Amino acid sequence: MLVRVKPSWEIPEREITPERLVFNRRNVLKGAGLMTIAGVAAACDRGSPTQTAGTPAPEAGLADAPDPTASLYPVPRNASYTVDRETTAEEIVAGYNNYYEFGVDKDDPAREAHKLPIRPWAVSFEGMVEKPFTADIDTLIKAMPLEERVYRHRCVETWSFIAPWAGFPMKALIDYAKPTSAAKYVVMKSWMKPEIAPDQAQFWVPWPYTEGLSIEEATNDVTFMVTGAYGKPLSKQNGAPLRLATPWKYGFKSTKGIQKFIFTNERPTTYWMALGAREYGFWANVNPQVPHPRWSQASEEVLGLGRRVPTLLYNGYGEQVASLYSGLVNERLFM
Ligand SMILES: Nc1nc2c(c(=O)[nH]1)N[C@H]1C(S)=C(S)[C@@H](COP(=O)(O)O)O[C@H]1N2
Ligand SMILES: [Mo]
């Protein structure tokens with residue numbers, strides 16, 4: 001069932017947009033037959049997910065040379081990170097996705113993401129670091145302590161899954177980047193390629209996808225950089241070659257296709273904050289008691305399980321992460 005709710009941020013956004021820009025934008029929309037700006041926000045308004053997952057297109061990945069890190073997987077499982085529920089089927093996790101660069105429907109990424117070239121892939125470390133530098137993804141992956149962790153994932157839209165991610169603690173990446181003591185946040189930016197992701201031509205959407213964490217969050221043991229899943233290199237629709245997993249936060253924090261880490265002393269404006277600050281905040285910690293302005297967060301539909309289950313505070317990771325927020329009681333921690 002598709003629930004269409006007019007996004008509340010649409011109104012203030014239109015009010016602050018200069019008339020001329022709106023006019024041009026409408027022409028662009030009409031001319032190119034692109035989705036409306038409301039459609040972009042409505043992407044986070046989808047109702048219940050379908051039970052059947054899409055199947056990746058057969059040609060997916062054919063354009064690429066074999067992944068140079070393939071022989072590294074599977075990696076040893078870290079026994080301290082397990083979930084007391086069955087792991088979600090790989091076809092579901094790789095077939096039902098949010099990756100708005102490739103479209104707003106849940107089966108768009110599995111069909112379209114093969115177009116993204118992921119080798120060569122440079123990752124840059126910028127801003128408040130001892131010395132800015134760029135690392136090739138394969139050099140980076142080989143320098144990191146790889147392990148597997150079974151993690152929950154909870155989208156703000158109320159669907160969830162449990163996946164065996166492979167990768168390394170973000171703490172190891174921060175040590176590798178050598179930020180200065182002035183850095184308080186790390187900003188992650190995804191790729192920008194309008195030629196393969198036509199929606200990125202929408203100049204009023206704040207591409208590239210951007211997220212951020214405080215340094216304390218980034219160096220918490222739960223914060224994980226994902227390079228593989230299900231014993232193999234990560235699928236492109238799940239964010240290859242590098243994505244974030246912060247399982248106590250809503251899924252939109254988990255940036256896919258990361259190209260840049262920028263260290264700064266200013267709290268960044270993220271992609272979703274720029275689209276709708278009244279609905280999407282910086283901290284975005286999971287809390288079943290704090291509803292999204294347009295729906296309840298009390299329960300979630302575990303993909304493949306066929307029923308809803310109660311959502312847990314910090315998505316079940318409170319023991320490890322709650323102390324990060326003890327001094328921030330006056331902030332909007334849960335949206
Ligand atoms: N670059 C990028 N990263 C992204 C998104 C996106 O649209 N673009 N969507 C986010 C959202 S809302 C969610 S829920 C997760 C979905 O991850 P999955 O498709 O692997 O389940 O990716 C997050 N990372
Ligand atoms: Mo999400």
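A salt bridge is counted here where a side-chain nitrogen of Lys or Arg lies within 4 Å of a carboxyl oxygen of Asp or Glu. In this predicted model, Arg152 and Asp84 form such a pair, with their closest N and O atoms 3.5 Å apart. The 3.5 Å separation falls within the 4 Å limit, so the pair qualifies as a salt bridge. The two partners come from distant parts of the chain, 68 residues apart. Arg152 belongs to strand β3, which covers residues 147–154, whereas Asp84 is located in the loop between α3 (37–42) and α4 (90–93). In total, the structure holds 19 salt bridges.

The surroundings of ligand 1 were examined next. Ligand 1 is surrounded by 18 residues, of which the closest are Tyr100, Glu101, Arg243, Ser254 and Lys256. Sorted by class, this shell consists of seven nonpolar, eight polar and three charged residues. Lys256, listed among the closest residues, has a side-chain N or O atom 2.6 Å from an oxygen atom of ligand 1. A side-chain N or O atom of Asn238 is likewise found 2.8 Å from an oxygen atom of the ligand. At Asn98 the backbone is involved: one of its polar backbone atoms is 3.2 Å from an oxygen atom of ligand 1. Taken alone, ligand 1 exposes 530 Å², and the protein buries 100% of that area. The space that ligand 1 takes up is the largest cavity.

Most peptide bonds are trans, and most residues other than glycine have a negative phi. The bond from Arg119 to Pro120 is cis, with omega near -10 degrees. Pro120 is part of the loop that runs between α5 (108–112) and β1 (122–127). The bond from Trp207 to Pro208 is also cis, and its omega is near -5 degrees. Pro208 is placed in the loop between β5 (185–190) and β6 (210–214).

Positive phi values occur at two tyrosines. Tyr230, although not a glycine, has a positive phi of about 55 degrees; this residue lies in the loop between β7 (224–229) and β8 (232–233). For Tyr314, phi is near 50 degrees, again a positive value in a residue other than glycine. Tyr314 is located in the loop between β12 (308–310) and α10 (318–321).

Technical notes: Residues are numbered from 1 along each chain as its sequence is written. Chains are lettered from A and ligands numbered from 1 in the order in which they are written. This is a predicted model: local features need pLDDT of at least 70, side-chain atom pairs count only at pLDDT 80 or more; totals for chains, interfaces and linings use all residues. Side-chain values use heavy atoms; hydrogens and water are left out. A residue is near a molecule or strand if one of its heavy atoms lies within 4 Å of it. A polar contact is a pair of N or O atoms within 3.5 Å; within protein, one must be able to donate a hydrogen and the other to accept it, and residues adjacent in sequence count only if both atoms are side-chain atoms. Accessible areas come from the Shrake-Rupley method with a 1.4 Å probe; for residues, only the protein chains shown count as cover. On a 1 Å grid over the protein atoms alone, a cavity is a set of points where a 1.4 Å probe fits but cannot get out, and a pocket is an open set with protein on both sides within 12 Å along at least five of seven lines; lining residues have an atom within 4 Å of a point. A molecule sits in a cavity or pocket if more than half of its atoms lie within 2 Å of its grid points. Ala, Val, Leu, Ile, Met, Phe, Trp, Tyr, Cys and Pro count as nonpolar, Asp, Glu, Lys and Arg as charged, and the others, Gly among them, as polar. Helices (H or I, at least four residues) and strands (E, at least two) are DSSP runs, numbered from the N terminus.
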